[in-house]
Amino acid sequence: MEITNFKKTTRKYFETALNMHEAIAKKASLTGTDHKYLGYLIENGEMSAGDLAKISGLTTGAITGVIDRLEKNKLVKRKFLPADRRKVMIVPNLEKANQLFAPIFKKLQKDTDLLISSFSSRELEVVHRYFESAIGIMEKMSKNLQEKNEI
């Protein structure tokens, strides 16, 4: 396979994944950003708004907007800590999120599992190595850009 074709397909994969998640979000009356950060909360459990801002790379002001929209859709709730009422924990509503997304992701997971099962162990190792390495490259780039270091 030509490197140019590989890069084109990789770019198309990421664009398609982004478009799919936007479509999933829209189906649930959310923005893609809101859906993504709800995913962080579902994956990591309750966390402070500041922690969510840190892992997302968004400002605390932008995160407040995300939380407001998710709360309006009853997908999260704010929990004020009795010891420090300034600190707010964001608690995902797993039941509501599951109602919205389970049917969509069940179908996606079934199709993905079918695709994965068509690869040999060796092929999966190569694909896994690519994605692990690509993740490292993107994390490094994100960190450098956030810290305003040279690229």
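Residues are numbered from 1 along each chain as its sequence is written, and side-chain values rest on heavy atoms, with hydrogens and water left out. Because the model is predicted, local features need pLDDT of at least 70 and side-chain atom pairs count only at pLDDT 80 or more, whereas totals for chains, interfaces and linings use all residues.

According to the UniProt record, an unreviewed entry, the annotation "domain: HTH marR-type" covers residues 1-136; positions are given in the numbering used here, feature names are shortened, and such annotations may be inferred rather than shown by experiment. The span is 73% helix and 12% strand, and its end C-alpha atoms lie 24 Å apart. Helices (H or I, at least four residues) and strands (E, at least two) are DSSP runs, numbered from the N terminus.

Helix H2 comprises 13 residues, 32-44. From its first C-alpha to its last, H2 reaches 18 Å, close to the 18 Å expected at 1.5 Å a residue, where the expected span is 1.5 Å times one less than the number of residues. Just after H2, Gly 45 adopts a positive phi of about 80°. The buried residues of H2 are Gly 32, Asp 34, His 35, Tyr 37, Leu 38 and Leu 41; buried means under 20% relative accessible area, exposed over 50%, and partly exposed in between (1.4 Å probe, protein chains only). Asp 34, located in helix H2, counts as buried because its relative accessibility is 1%. Apart from neighbours within four places in sequence, Asp 34 is in contact (heavy atoms within 4.5 Å) with Val 66, Arg 69 and Leu 70.

The whole structure holds 6 salt bridges, each defined as a side-chain nitrogen of Lys or Arg within 4 Å of a carboxyl oxygen of Asp or Glu. One of them joins Arg 78 to Asp 68, with the closest N and O atoms 2.6 Å apart. Arg 78 lies in strand E2 (residues 76-81) and Asp 68 in helix H4 (residues 60-72), so this pair ties together parts that are 10 residues apart in sequence. Arg 78 also meets Glu 71 in a salt bridge, at 2.4 Å from N to O.

Asp 111 is partly exposed, with a relative accessible area of 36%.

On the surface, Tyr 13, Phe 14, Val 127, Phe 131, Ile 135 and Met 138 form a nonpolar patch with about 500 Å² of accessible area together. Patches are made of residues with over 30% relative accessible area and no salt bridge, like charges being joined within 9 Å and nonpolar side chains (Val, Leu, Ile, Met, Phe, Trp, Tyr) within 5 Å. Accessible areas come from the Shrake-Rupley method with a 1.4 Å probe, and for residues only the protein chains shown count as cover. Helix H1 (3-27) and helix H6 (121-146) are the elements that give two or more residues to the nonpolar patch, and H6 gives the most, with 4 residues. Phe 14 lies in helix H1 and is partly exposed, at a relative accessible area of 33%.
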